[in-house]
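Good morning, and thank you for coming.

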Amino acid sequence: MWETLQNLSLGFSVALSPAVLLYAFIGCVVGTLVGVLPGVGPLAGISLLLPATFGLDATRAIVMLAGIYYGAMYGGSTTSILMRIPGEAASVMTCIDGYAMARKGRAGAALAIAAVGSYIAGTVSVVALMFLAPPLARFALRFGPPEYFALLALGLLVLAYMSGGSMLRSLAMAVLGLLLGMIGIDQMSGYFRFHYGVVELGDGLGVVPVAVGLFGLSEIMLTAGQAIRPDVIKPKFRELLPSSTEWRASASPIARGTLLGFLIGIIPGSAHIISSFVSYALERRLSKTPDEFGRGAVAGVAGPESANNAATSGAFVPMLALGVPSGPIPAVMLAAMMVHGVSPGPLLIHQQPALFWGFIASMYVGNVVLLVLNLPLVGLFVNLLRIPYHFLYPAILIFSIVGVYAVSNSVIDVWIMLAMALLGYVLRKLDFETAPIVLGLVLAPMLEMALRQSLAMSDGRYAIFVNRPIAATLLAAAAFLTLLGLVPLISRGVDWRTRLALAEKGEKV
Amino acid sequence: MTVALTSALLLLMALAVAVPVVQAEEPYPSRPITIVAPFPPGGVADLTARPVAAAMEKVLKNPVGVVNKTGAAGAVGMQFVATSKPDGYTLLLALSSISIIPEADKIFGRQPAFTVDQFEPLALISADPTILVVRAESPWKTAKEFIEDARKRPGQISYSSSGVYGTLHMAMELLSHAAGIKLRHVPYGGAGPALTAILGGHVDALASGPAVVLPHIKAGTLRPLAGWGDKRVTALPDVPTFRELGYRDAEFYIWAGLFAPKGTPEPVLAKLRETLKQVVADSDFKTAMAKLETPIVFKQGEEFRTFFEADARRLADGVRQVGRVEQK
């Protein structure tokens, strides 16, 4: 404990040196921009800027790249809330309630809650990272394919809480998403599925083009098709900050989101997007007023936004403690370390204490920088909504196309996005929710891979899911939740879903 | 930073402009050259391409940029270069997957995305033998014990790989064939996850590039058994090669080489070959590769062709031995 604090003071002496501070600041600014631009997520941002860091020394380079990473997580929520366009994949869930809040004139509140939630999650999980990195990393390694499969199966149950209204409609959309997730190279056999001669489809449909198309662009088309031109929201200054009720409503979701996000983040191979899905479902399950979700529930913004930021720090645990990448972004950062002659691995903390602790300390600093940077920007961002739609929407369209193209220099991705925009438009005209499609698309390849890897490990024996304690526990939890879901059927009670369906009917009649 | 953003932007613009312009006779190079890395940033191809580009820029006094065109295990970027204008302004930094992908396409009876003879080999830049590692607490102390045990229990010892038909998979297949053993393959999505799998105890063995596993060997969590090279790895002088152990066909390298599209004019090729000779002698380039712990192995002309063809033959055999996975 004492040693940790001593090390941390070494870290702060590194992190607060003007040069490192400057690069942390630059990283945060660039990250925020990257996050705000629709489509361009942290991976694309880091990849584009990686070569630029080759001239720096290792600590500065890593600090800057980390700044981009968590800066993008902060910035990603902005366009989700204001325009229903996910700035990066993990902000998909924020689109739902964040945008609904914005439509109610609470855009400022939603942005502020997202920023504060991200700050708390970021800071708390750095503390956890600092004290628990080595033991947690070893625990996280025990998550092999069977455990991962169980976790994802649990994640699939999230569907039940994804959207209001008809369960049948949600399931139909989820199945559509799962089917879309089948496109691409089968990673176990190398077989190309549904590629129709387009090599680019080998990697399947990207989450970002699909989400931007389904959520954002379809929204633009829907607005354009309205008979009565919608009023431009004119936010007033006193409405920028969340009310005390909103603060209270966001406190526990932030706490739960932080814990959940951090734990999911440390598991190798898992994505931030899953942490935000699970957090959203959890909040809805625990909420006393689940029917508010989808219509601007504060918890639906606070939970997922905290979770995806905590997952960012969580992802650094295996990277720093063991030198193994827990996802594509830590993998790029590990490469950046190697370029600077720092060999990442279990010995890093002893061989390069200044780098390790400087990095940790810079994360504290970075989170403060981001909060200071983002809170005043809330006012500015909200004012974007004052721009008349006939200027704003074409601009969003252009930014979306440029952003999605830039991620992998692929025109195919732009076409995917436009096709998804059309699909989203039609589906939403028919009253289908589009969020379950994205969930299905994300889960399908992971779930399939984990299942088949598990069976490859066990030579085809399904017992592997029961024999391994973590997997068995997770699957038992999933079974329990399913049973819980069946209770209303048996007791014939009226649960929130039925109430919601009734209420919706009432509205329409 | 603004410099980096501007240069990234310029690069994109240059790429956009570079493709359609029809060139009149003018000295080569007179506009920016693009090296396509068909894998994402941070991978072997990308990390090799960047110092190569930087050194080429110095030698040619002409901008040289790296563009990551990723997807379909590298096929997207390789196809892009195969079909781009053979004018010396679009080059490819390829790994051994350049010989694997067309072979796998053949097995599945599909229209190949590209073929090897659409490229003109320029130079081999680096070649790193893979090494076989197991966890420190596992029972096998030597490669001999490992192979004997595998022979006794066919299909019981498992290994992770970077993906089916991927480099790490091929290395193990070549060994399995040479030693007449059968191992259980669990593919992962990339070399990173494959390493995580062995550290977590989900598989028993892994073939890996030395640089990636060296820290774990030093920390005592992984044990090296043998290497696939024709010589021992410098950093691991006590670890034998499979060649020494009598498995002569188990030879495998993670290599990186530079290619141009077929049909590039001979003067341009000559200029590029001459440039690359100076690139590998460049001190900044040497430092960059040393930091990556990747040995520079420079081969050109006939020498590279021989290496490339022998490697391609071994890999083609390997892919055919694996066959179509889903039919098993």
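In helix α11 of chain B, residues 301-322, the side chains of Asp311(B) and Arg314(B) form a salt bridge, with 3.8 Å from N to O. By salt bridge I mean a side-chain nitrogen of Lys or Arg within 4 Å of a carboxyl oxygen of Asp or Glu. Because these two residues stand 3 apart in the helix, about one helical turn separates them. Asp311(B) and Arg314(B) are both buried; buried means under 20% relative accessible area, exposed means over 50%, and partly exposed is in between, with a 1.4 Å probe and protein chains only. Helices (H or I, at least four residues) and strands (E, at least two) are DSSP runs, numbered from the N terminus.

A word on provenance. This is a predicted model, in which local features need pLDDT of at least 70 and side-chain atom pairs count only at pLDDT 80 or more, while totals for chains, interfaces and linings use all residues. Residues are numbered from 1 along each chain as its sequence is written, chains are lettered from A and ligands numbered from 1 in the order in which they are written, and side-chain values use heavy atoms, with hydrogens and water left out.

Over all chains, the structure holds 31 salt bridges. One of them pairs Arg193(A) with Glu448(A), at 2.7 Å from N to O. This pair links distant parts of the chain, since Arg193(A) belongs to strand β2 (residues 192-193) of chain A and Glu448(A) to helix α18 of chain A, 255 residues apart. Both Arg193(A) and Glu448(A) are buried.

In chain B, Asp87(B) and Arg31(B) meet in a salt bridge of 3.2 Å, N to O. Asp87(B) sits in the loop between α3 (75-82) and β3 (90-95) of chain B, and Arg31(B) in the loop between α1 (2-18) and β1 (33-37) of chain B, so the pair ties together parts that are 56 residues apart in sequence. Asp87(B) counts as buried at 16% relative accessibility, and Arg31(B) does so at 12%. There is also a network of salt bridges, which links Glu120(B), Lys262(B), Glu266(B), Arg273(B) and Arg305(B).

How many salt bridges are counted between chain A and chain B? The count is 1. Asp459(A) and Arg184(B) meet in a salt bridge, at 3.7 Å from N to O. Asp459(A) lies in the loop between α18 and α19 (464-467) of chain A and is partly exposed, with a relative accessible area of 45%. Although not a glycine, Asp459(A) has a positive phi of about 60°.

Turning to the interface as a whole, 51 residues of chain A are in contact with 47 residues of chain B, where contact means heavy atoms within 4.5 Å. The two chains bury about 3800 Å² between them, 68% of it on carbon and sulfur atoms. Buried area here is the accessible area, with a 1.4 Å probe, that two parts lose on being put together, summed over both. Val199(A), Met338(A) and Asn409(A) supply 14% of the area that chain A buries against chain B, more than any other three residues.

Next, the interior. A nonpolar core is a set of buried Ala, Val, Leu, Ile, Met, Phe, Trp, Tyr and Cys residues joined through side-chain atoms within 4.5 Å. The largest such core has 169 residues, and those that touch the most other members are Phe316(A), Leu320(A), Met333(A), Ile360(A), Phe146(B), Trp228(B) and Phe242(B). Helix α18 (residues 435-457) of chain A gives the most to this core, with 13 residues. Another core, of 62 residues, lies apart from it, and includes Tyr28(B), Ala55(B), Ala94(B) and Phe119(B).

Helix α18 of chain A also contains Pro436(A), which is buried at a relative accessible area of 0%. The C-alpha atoms of Pro436(A) and Leu176(A), 260 residues apart along the chain, are separated by 8.6 Å.

I close with the backbone. Tyr28(B) and Pro29(B) are joined by a cis peptide bond, with omega about -5°, and Pro29(B) is in the loop between α1 and β1 of chain B. Arg84(A), not a glycine, has a positive phi of about 65°. Arg84(A) lies in the loop between α4 (58-83) and α5 of chain A and is buried, with a relative accessible area of 10%.
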